[in-house]
Amino acid sequence: MVCLTFTMTLILARKNYEQWQGITHLWWPPCQLRPATAYRLILMEDMAFADYDYEFAQDEEGEDYLDYYDEDVYELPVGESWEEEEEETNMSTGASMSELYEYCVVPTVSDSSQHLYSLLAWSLIFLLTTRIVRPPAWLVHLMSATCGGIVTWGMFGHRCSYMVCLLAVGGLVLSLSHFVLKSRRGPFTCVSCVAFLIACELWLADPVDWHSIRGPQMIILMKVVSVGFDLDSSSLSRLPNILEMVGYILNPGTVIFGPWISFSSYKRVLQPFSWNLRLVLGVIIHLITCMIFLLLSTCFALWMVPDSINKWAQAFRDAFSFRSSHYFVSYLSVTSAQLSGLDIREVARPAYIEIPRSLVEVVVYWNMPMHYWLKTYIFKTARNWFGIFWAILFTYSMSSLFHGLNFQLAAVLLSLGFYTYVEHSLRVKLASIFDACVLARPCPEKCHHQYKKWSWIGIFINISFSVLAMVHLAYLGIMFDSNSQEQETGYSLSHTLSKWASLSYSSHWIIFVCYIMYILI
């Protein structure tokens, strides 16, 4: 059985390598795809060139010549650009439901299926080879590393070298701090990994290549650092050996999209696996759900809300498109993790984000594994040194560093940190003044407040903060613009400020007023 599985693995590895040739320059883009890049451009290109016959014309002497301009040699007049003309054309483009289906839905589903085939197939292969039969533990870790390595190489090609270097740096510092210092393994490992990320960001790596692998790099960092902190807290009794560590980090179900899992959770792959219909249905439902969110982000958001409406409606649309792409990645990560035999039930809760009680709940349910990681390993450690407020800002600062030196993300995350602190503090005071269940998080069933959540004061205050949270989400999410060429390397300061300036910095003014209210009352 093991020999047969190994032979099948080699065959699929070769097929996978050939399939991914030519597209390894891409970090899987659904989290970046938007209607303009998928729907409008495909439709425009088809309408413009589908019926044109690119054959050589002949002059009177029978000589062939081209009857169109070559873009490579044509010089634009001063002050004109192709981008301006294309933008004006895109703005005026409309489409029927049948055109949307033909030029966006079908290509998106087809392309995403080709991209996701490798990830899901190798996750399932790992499950079948390690849970149907009961191989020794070292072979399970080896299969995890092998399957994950094939998926990673197929996705990123030569850019895997950055991931290998990060793993080597983190593993080396973790080992030295464990055997030499025997303490503070987590902080030292975290600092070394962040220093490596900064060095690559500023000097060592190509910006486009580095931007494409930030997601997997962050997952690797979180896994290595969590092992260090778990050793410090005695949650782990010993340092994992090299094979266990590599199997944990390169597990095919979590190496690309996550989610983060602890080493203790990963070791459950060594336990017997219970097959049931609920698991199969869960995988199918999560896969269908992730495709629905992909189509919402890529095709339907712009189609339902055109560019001709006011700027705030566009902001809500673009922010929703961005959030939908995040939900796609979240549900896809659950699917791949479950296919690899990991007990992962959910990563994000869209309902709690789209209709939020507060921004605090948005932060919690945006990415629950990462929220747990930041709270357990960063916030609680920093709180002992800096206090709650500065620990919150430090946590969001570290989160922005994990995502890369990107002013856009740093501005959003730091703003979100200040927003949540102000909202939480203000609602604590309001709950005390009105003796009502209006905290940022729901009160327990038997709380001491006189006015419960269904009282008139509770409904009014909670709905008011819910509406404000939706406004903040639209304001913060507007800058994740896939139309900009800067998305391949990260957005600049000018891009971020221009997006917020178009909305008159209204969200920041709102939170400033809330902060004044918090101080005065």
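1. A salt bridge is taken here as a side-chain nitrogen of Lys or Arg within 4 Å of a carboxyl oxygen of Asp or Glu. D343 and R345 form such a pair, with their closest N and O atoms 3.0 Å apart. By this rule the protein has nine salt bridges.

2. This is a predicted model, in which local features need pLDDT of at least 70 and side-chain atom pairs count only at pLDDT 80 or more, while totals for chains, interfaces and linings use all residues. Residues are numbered from 1 along each chain as its sequence is written, and side-chain values use heavy atoms, with hydrogens and water left out.

3. A salt bridge also joins the side chains of R185 and D232 (2.8 Å, N to O). This pair links distant parts of the chain, 47 residues apart: R185 belongs to helix α7 (residues 185-204) and D232 to helix α9 (residues 214-232). Helices (H or I, at least four residues) and strands (E, at least two) are DSSP runs, numbered from the N terminus.

4. R185 is buried at 10% relative accessible area, whereas D232 is partly exposed at 29%. Buried means under 20% relative accessible area, exposed over 50%, and partly exposed in between (1.4 Å probe, protein chains only).

5. S144 lies in helix α5 (residues 137-156) and is buried, because its relative accessibility is 0%. Leaving aside residues up to four places away in sequence, S144 touches F126, G247, L250, N251, P252 and Y266, where contact means heavy atoms within 4.5 Å.

6. Overall, the protein has 21 helices and two strands, and 50% of its 521 residues count as buried.
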